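Biologist: I am new to this structure. Please show it and take me through some of its side chains.

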Amino acid sequence: MKLDLPVVVLRLFLAALFAFLVVMQLFSLPGDFAHQAQEARPEFAHVSWLLLVFTELEALCVQVIIVCAWMLLGMVKKDRIFSPKSLGWVNGIVWSFVVGWVLLVALAGYLTAFIYFTPEIRDPGVPILLFGMVLFGAVLVLLMVILRALLRQATTLQSDMEEVI
């Protein structure tokens, strides 16, 4: 199966996404959250800084996933995807998803408690939205774990076939 064109196109999009995230991390996000902190009531300003740290770390997780995917695409192009070396890059993707999900759970817990104990801003919509995001993240993490297990099985099968031949 010829995958040269899809690999090149995906690499272009991955490079563009990586560059976009760097620009956001360095320029847009700090300015936006600093402005929000200035506009917020003093007792709520810390939430903007917490959201900035969270967003920067989540973007870093996505950047790690992009680098790992880039390396895996190189292995696909060389027809070496079913090798033990590929499992290290897949582990990088899985662990980045896990770290991102744990950060999301921590943020959701903190914001839900903050909203609950702040009578002026009690809004059930935000905790419900955060709960949905945590569920979505859990599905992504578990999906990546299953895909890693499938790659491990395929790699084992490939190496067993090479030994027989």
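Predicted model: local features only at pLDDT ≥ 70, side-chain atom pairs only at ≥ 80, totals over all residues.

Biologist: Is Arg41 buried, exposed or partly exposed?

Modeller: The relative accessible area of Arg41 is 39%. That value lies between the cut-offs of 20% and 50%. Arg41 is therefore partly exposed.

Biologist: Which residue forms a salt bridge with Arg41?

Modeller: Side chains of opposite charge can pair when their charged atoms come close. A salt bridge needs a side-chain nitrogen of Lys or Arg within 4 Å of a carboxyl oxygen of Asp or Glu. Here the closest N and O atoms are 2.7 Å apart, and the partner of Arg41 is Glu43.

Biologist: How many aromatic pairs does a search of the whole structure find?

Modeller: Rings of Phe, Tyr and Trp (its six-membered ring) pair if their centres lie within 6.5 Å; planes under 30 degrees apart count as stacked, over 60 as edge-to-face and the rest as tilted. Searching the whole structure by this rule gives a count of 2.

Biologist: Is the pair of Phe44 and Phe114 stacked or edge-to-face?

Modeller: The ring centres of Phe44 and Phe114 are 5.7 Å apart. Their planes make an angle of 85°, and the pair is edge-to-face.

Biologist: How many residues apart in sequence are the parts that this pair ties together?

Modeller: Helices (H or I, at least four residues) and strands (E, at least two) are DSSP runs, numbered from the N terminus. Phe44 lies in the loop between helix H1 (4-39) and helix H2 (45-77), and Phe114 lies in helix H3 (residues 84-116). The pair therefore ties together parts whose separation in sequence is 70 residues.

Biologist: Are the rings of Tyr110 and Phe114 stacked or edge-to-face?

Modeller: Tyr110 and Phe114 both lie in helix H3, 4 residues apart, about one turn of the helix. Their ring centres are 6.1 Å apart and their planes are at 15°, so the pair is stacked.

Biologist: Is Gln63 buried or exposed?

Modeller: Gln63 is found in helix H2. Its relative accessibility is 7%, so Gln63 counts as buried.

Terms used
Residues numbered from 1 in each chain as written. Heavy atoms only, no water. Buried < 20%, exposed > 50% of the residue type's maximum accessible area, 1.4 Å probe, protein only.
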